[in-house]
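Hi everyone, thanks for coming. Today I'd like to walk you through a structure that may be new to you, so please have a look at the screen.

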Amino acid sequence: MAPSRPYYAERGLSAAFYDTVTAADTRLEGDIEVYAGLAPAGGAILELGSGTGRLAFALAERGFTVTGVEIAPAMLAQALAKQADLEPELARRVVFKRGDMTSLDLKRTFDAVICPYFTLAHVPRGMAWRNTFATAARHLKSGDLAAFHLPLPEIMALPGPQNTDLPVLDQPTPSGGRLRLYVRERAFREDVGRLDQIIEYVELDGRGEILRSSLERLTYYHTDPDPLAAPEGLAPDRDPIALGGVGAIHIFRKTV
Ligand SMILES: C[S@@+](CC[C@H](N)C(=O)[O-])C[C@H]1O[C@@H](n2cnc3c(N)ncnc32)[C@H](O)[C@@H]1O
């Protein structure tokens, strides 16, 4: 694999342009409605891997209180900057903390725990997944729900683009330029359920001149979540909810 920085690293473009890319991603449409349906009106939601606050703010606007836990400082900083610009009543309904979802213990419970947009797939399957399920269970009361959005394994196994010089995304930037994304490398290992991608982010100015570019490494892991959730007292509550043709939200109920 080419030399690259991890996704969401400091000074990386995947963090800087996270909101630009997700705003263009129709495959996430409908996720907020699923998460909003898991807690009672006005309830408290814990979001594992809250990123730049895309969902935390949307859920707060619907009346929920949200605690977002995020490991990457470059993502957390954007969430906090956006919160500072909110009207106080809305801003008060959201709390962001730096933390690792595989070991988090906030010493309190919530009405629902959510782990959106492939966040669980960012950590190795096996003990890191089981520890994340333990985190979810630790922050729930018996009978309450946790949701984990995972990529579909058949989508992970697809080959990369034949022509790696064709952008997979070409989107206007807030500053009047363009952002282009290229999948430079893509390799799926079925035996370990691991997809490695090198994605190049290229920022152009309004005249088409390159301002910045960055090679970033995105790894997703996949396995059946149910056997890893079961020992932590989380049982599947319903069939996974398909989203955007690329992923599914797995919903578990705490049974103990
Ligand atoms: C694809 S983003 C999702 C952000 C947000 N939940 C959303 O739906 O827009 C995944 C986020 O999970 C964070 N993350 C990855 N591993 C984590 C961990 N072990 N603990 C907490 N956050 C983590 C990443 O830094 C990134 O911000």
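Let's begin with a question: how far from a nitrogen atom of the ligand does a backbone N or O atom of Met101 lie? The distance is 2.9 Å. Please keep in mind that we are looking at a predicted model.

At Gly49, a backbone N or O atom lies 2.7 Å from a nitrogen atom of the ligand. With Tyr18, a polar side-chain atom is involved, and it lies 2.5 Å from an oxygen atom of the ligand.

Now to the surroundings as a group. There are 20 residues around the ligand, and those that come nearest are Tyr18, Glu47, Gly49, Arg54 and Glu70. Sorted by class, the shell holds ten nonpolar residues, six polar ones and four charged ones.

Let's step back to the domains. The domain assignment gives domain 1 as 21-151 + 223-254, and domain 2 as 155-220. Taken over C-alpha atoms, the centres of the two domains are 25 Å apart.

So what happens between them? Nine residues of domain 1 are in contact with 13 residues of domain 2. Together the two domains bury an area of about 800 Å² between them, and carbon and sulfur atoms give 68% of that area. On the domain 1 side, the residues that touch domain 2 divide into six nonpolar, two polar and one charged.

And how many salt bridges are counted between domain 1 and domain 2? The count is zero. For polar contact, the count between these domains is two residue pairs.

Note on methods. Residues are numbered from 1 along each chain as its sequence is written. This is a predicted model: local features need pLDDT of at least 70, side-chain atom pairs count only at pLDDT 80 or more; totals for chains, interfaces and linings use all residues. Side-chain values use heavy atoms; hydrogens and water are left out. A residue is near a molecule or strand if one of its heavy atoms lies within 4 Å of it. A polar contact is a pair of N or O atoms within 3.5 Å; within protein, one must be able to donate a hydrogen and the other to accept it, and residues adjacent in sequence count only if both atoms are side-chain atoms. Ala, Val, Leu, Ile, Met, Phe, Trp, Tyr, Cys and Pro count as nonpolar, Asp, Glu, Lys and Arg as charged, and the others, Gly among them, as polar. Domain bounds come from an automatic or database domain assignment. Contact means heavy atoms within 4.5 Å. Buried area is the accessible area (1.4 Å probe) that two parts lose on being put together, summed over both. A salt bridge is a side-chain nitrogen of Lys or Arg within 4 Å of a carboxyl oxygen of Asp or Glu.
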